[in-house]
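Here are a few notes to read alongside the model. Have the sequence open as you go.

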Amino acid sequence: MITNVLAAFFFSYYFVNIYNAPIRIKKIFKINPARRIKPLDCVTCLSVYVAAILFFCPFELTQFIAVIFCAGYFGNFIK
């Protein structure tokens, strides 16, 4: 269960703050940058949805996502 929570947080943090996917999506679809596209631009909101999805996924996939995005999260602070 802890792995689900960590994987969801690390994925959401990487997706929103490091990869900047909401900003890229807004540029592609020409959406006003000040406009919100929930849950994609909110780490807390997105992590809830990702955790719910990971709850039904195999444990190996959850571990894989946790390790990959945890490395990206800590790599951002080390660089």
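The points below cover a helix pair, a serine and a salt bridge.

1. Before you start: this is a predicted model, where local features need pLDDT of at least 70, side-chain atom pairs count only at pLDDT 80 or more, and totals for chains, interfaces and linings use all residues. Numbering runs from 1 along each chain as its sequence is written, and side-chain values use heavy atoms, leaving out hydrogens and water.

2. Take a look at helix H1 (residues 2-18) and H3, whose axes lie 8 Å apart at an angle of about 135°.

3. Now for serine 47, which sits in helix H3 (residues 43-55). Serine 47 is buried because its relative accessibility is 15% (buried is under 20%, exposed over 50%, partly exposed in between, with a 1.4 Å probe and protein chains only). Leaving aside residues up to four places away in sequence, serine 47 touches Ala8, Phe9 and Ser12. A polar atom of its side chain lies 2.9 Å from the backbone oxygen of threonine 44.

4. How many salt bridges does the structure hold? There is 1, joining the side chains of arginine 36 and aspartate 41 at 3.0 Å, N to O (the definition asks for a side-chain nitrogen of Lys or Arg within 4 Å of a carboxyl oxygen of Asp or Glu). Arginine 36 is partly exposed, at 48% relative accessibility, whereas aspartate 41 is buried, at 17%.

How values were computed: Helix = DSSP H or I, 4+ residues; strand = E, 2+ residues; numbered from the N terminus. Polar contact = N/O pair within 3.5 Å; in protein donor to acceptor, adjacent residues only side chain to side chain. Contact = heavy atoms within 4.5 Å. Axes fitted to C-alpha atoms, helices over the stretch in contact; angles between N-to-C directions.
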